[in-house]
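Follow the sequence and the model side by side while reading.

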Amino acid sequence: MKSLRQGGLTLIELLVVLSIAVILMALAAPSFNETLRRNRIETAANGLLSALNFARTEAIRRGVSITVRKNGTQWEQGYFAFVDTNGNGSQDTGEALLRRWDALPAGYTLRTNSNNFANYIRYNARGEIANNSTGGYFIVCFNGQLKGAKAIVLTPVRAVMAGDLDGNGIPESDSGNINSCN
């Protein structure tokens, strides 16, 4: 009678394949982590830019002041937009909450360079920033690193994403490199 040989992998073949897979995953992990970090920074910056554009649009549409206020001691703890009828930057009784944005993941910061934006940004009925006539910026960083950070530059009428014009990985405002994540 003819002997039938069963197909499949031997234990040694399986161990070789698993070893190669582990090596490839170990090589890919740092790249994956960097991609994840960049995506989180981009998402956080776009979230704030979206919130500011939402508040500006609502202020114009409703014809009243709309405020975006931080939801704790730092902006990275989340923020919310509300109708600011009396224009004081605080949500008082009867002032409608419009939307909330969640906190950033641990290790990510969202800071501003302007004391006028330390707690809130208020848009008037014309869509202009009412609590700072000169503008400023917000910056999203991971572990205090400027390289790879994203910044939102605020002018009196518009918020825009800052570019990296010189290719050094650090966003620039009109006055040059943004030099702090604090």
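## Strand E4 and its partner

Thr109 has Cys141 as its bridge partner in E6. E4 and strand E6 (residues 136-142) run antiparallel and are joined by 5 bridges. Strands here are DSSP runs (E, at least two residues), numbered from the N terminus, and two strands pair if DSSP finds at least two bridges between them.

The model is predicted, so local features need pLDDT of at least 70 and side-chain atom pairs count only at pLDDT 80 or more, while totals for chains, interfaces and linings use all residues. Residues are numbered from 1 along each chain as its sequence is written, and side-chain values use heavy atoms, leaving out hydrogens and water.

## The four-stranded sheet

E4 and E6 belong to an open sheet of 4 strands, in the order E4-E6-E7-E8, with antiparallel pairing. Strand E4 (108-112) and strand E8 (159-161) are the edge strands, each pairing on one side only.

## Strand E2 and its neighbours

Strand E1 (residues 66-70) pairs with E2 in the antiparallel sense over 5 bridges. Thr67 has its bridge partner, Phe82, in E2. E2 is also joined to strand E3 (residues 97-101) by 4 bridges, again antiparallel. Here Tyr79 stands opposite Trp101 in E3.

## How E2 is covered

Is strand E2 (residues 79-83) mostly covered or mostly exposed, and how many of its residues are buried? E2 is mostly covered, with 5 of its 5 residues buried; buried means under 20% relative accessible area, exposed over 50%, and partly exposed in between (1.4 Å probe, protein chains only).

In a regular strand the side chains alternate between the two faces of the sheet. In E2, Tyr79, Ala81 and Val83 are buried on one side, and Phe80 and Phe82 are buried on the other.
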